[in-house]
Amino acid sequence: MNIKSLSYSNIKEEISKIDVKLIYKEEIFEEIIKTLTSDCRKNVQSLGVKLNKEKEKLEAEIIRVKNMYAFDKSFGAYKYIAGVDEVGRGPLAGPIVACAVILDLNTLDDNIILWLNDSKKLSEKKREELAIIIKEKALAFHIAECSNKEIDKKGIAYCNNKIFLEACTSMKIKPDLVLSDGYLVKNIEIENKSVIKGDTKSASIAAASIVAKVYRDHLMKRYAEKYKGFAFDENAGYGTTKHIQGLKKVGPCEIHRISFLKNIL
């Protein structure tokens with residue numbers, strides 16, 4: 001660990017190769033921080049301070065997510081617990097999408113899925129990364145959707161519940177308990193508990209929230225290529241200024257929810 005002969009740029013390059021998650025528990029990591037912070041150069045010291053902050057942030061995140069896993073397990077000795085959430089109740093266009101996810105809640109600490117949260121609180125990049133990890137690590141998951149046509153015909157509340165039911169009952173594993181975000185699932189024949197703001201408390205609901213949003217966002221980006229002038233790639237069908245301007249200019253397209261446009265057109 002003799003870094004006196006190394007330039008700041010060389011040290012910075014080597015530090016950038018460190019994966020904090022892999023070695024933050026090891027003695028060598030503490031030695032690296034100590035060596036950097038005791039260097040006579042201020043900019044080298046700052047690298048040590050930055051590494052220590054990354055460690056503290058990681059440790060805090062591990063505690064936060066472990067609490068989310070523990071929250072799900074606190075409902076009782078269930079073998080399989082599913083979280084279910086939806087995205088797309090409010091947009092003027094596109095489907096409403098739900099996802100149900102069953103996580104391994106008894107996984108070792110090193111294998112928990114960090115950064116789980118309400119999908120709206122995460123950056124697009126982080127959601128994309130997490131959706132891949134969730135689908136890889138989940139014991140089971142299922143995505144369900146209702147089209148704008150069915151929303152117009154049956155109503156958003158009916159469609160919301162329909163996709164919750166489908167998502168929860170279509171996985172390769174049948175859950176013993178379903179945790180739903182905000183309200184109970186009607187007519188479900190599985191034990192069901194509702195959790196207010198569940199996507200910030202429950203690991204399973206947060207995972208479902210992320211997978212559902214990434215799926216729907218991808219879908220709306222594809223629709224943006226087909227239906228020009230509504231900026232679906234930017235607004236995912238919500239009533240932004242560009243979207244409203246497009247509606248008033250060219251009228252609704254095939255994926256618009258006509259029942260949602262009564263006060264706009």
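Author: First, helices are DSSP runs of H or I with at least four residues (strands are runs of E with at least two), numbered from the N terminus. This is a predicted model, so local features need pLDDT of at least 70 and side-chain atom pairs count only at pLDDT 80 or more, while totals for chains, interfaces and linings use all residues. Residues are numbered from 1 along each chain as its sequence is written, and side-chain values use heavy atoms, with hydrogens and water left out.

Reader: Okay, pocket first: how much space lies in the largest one?

Author: We use a 1 Å grid over the protein atoms alone, and a pocket is an open set of points with protein on both sides within 12 Å along at least five of seven lines. Points are joined across faces, edges and corners, and the volume is the space filled by probe spheres set on them. For the largest pocket that comes to about 360 Å³.

Reader: Which of its lining residues are the closest to the centre?

Author: A lining residue has an atom within 4 Å of a point. The largest pocket has 14 of them, and the closest to its centre are K21, L58, L114, W115 and K126.

Reader: And which helix gives the most to that lining?

Author: At least two residues each come from α2 (20-23), α4 (42-73) and α5 (124-137). By class (Ala, Val, Leu, Ile, Met, Phe, Trp, Tyr, Cys and Pro nonpolar; Asp, Glu, Lys and Arg charged; the others, Gly among them, polar), the lining has 8 nonpolar, no polar and 6 charged residues. With 5 residues, the top contributor is α5.

Reader: At what angle do α5 and α9 pack?

Author: Axes are lines fitted to C-alpha atoms over the stretch in contact, and angles run from 0 to 180 degrees between N-to-C directions. Contact means heavy atoms within 4.5 Å; among the residues that meet here are L130 and I134 in α5, and I210 and V211 in α9. The contact's residues divide into 7 nonpolar, 1 polar and 7 charged. The axes are 9 Å apart, at an angle of about 115 degrees.

Reader: How are α4 and α9 oriented to each other, then?

Author: Their axes come within 7 Å and cross at roughly 110 degrees, with α9 spanning residues 203-226. The contact is made by M68, Y69 and D72 of α4 and A203, S204 and A206 of α9. Under 35 degrees counts as roughly parallel, over 145 as roughly antiparallel, 65 to 115 as roughly perpendicular and the rest as oblique. So α4 and α9 are roughly perpendicular.

Reader: Last pair: is α1 roughly parallel or roughly perpendicular to α4?

Author: Y8, I11, K12 and I15 in α1 meet N43, V44, L47 and L51 in α4, giving 6 nonpolar, 1 polar and 1 charged residues. The axes of α1 (residues 8-15) and α4 come within 10 Å and cross at roughly 15 degrees. That makes the pair roughly parallel.

Conventions
On a 1 Å grid over the protein atoms alone, a cavity is a set of points where a 1.4 Å probe fits but cannot get out, and a pocket is an open set with protein on both sides within 12 Å along at least five of seven lines; lining residues have an atom within 4 Å of a point.
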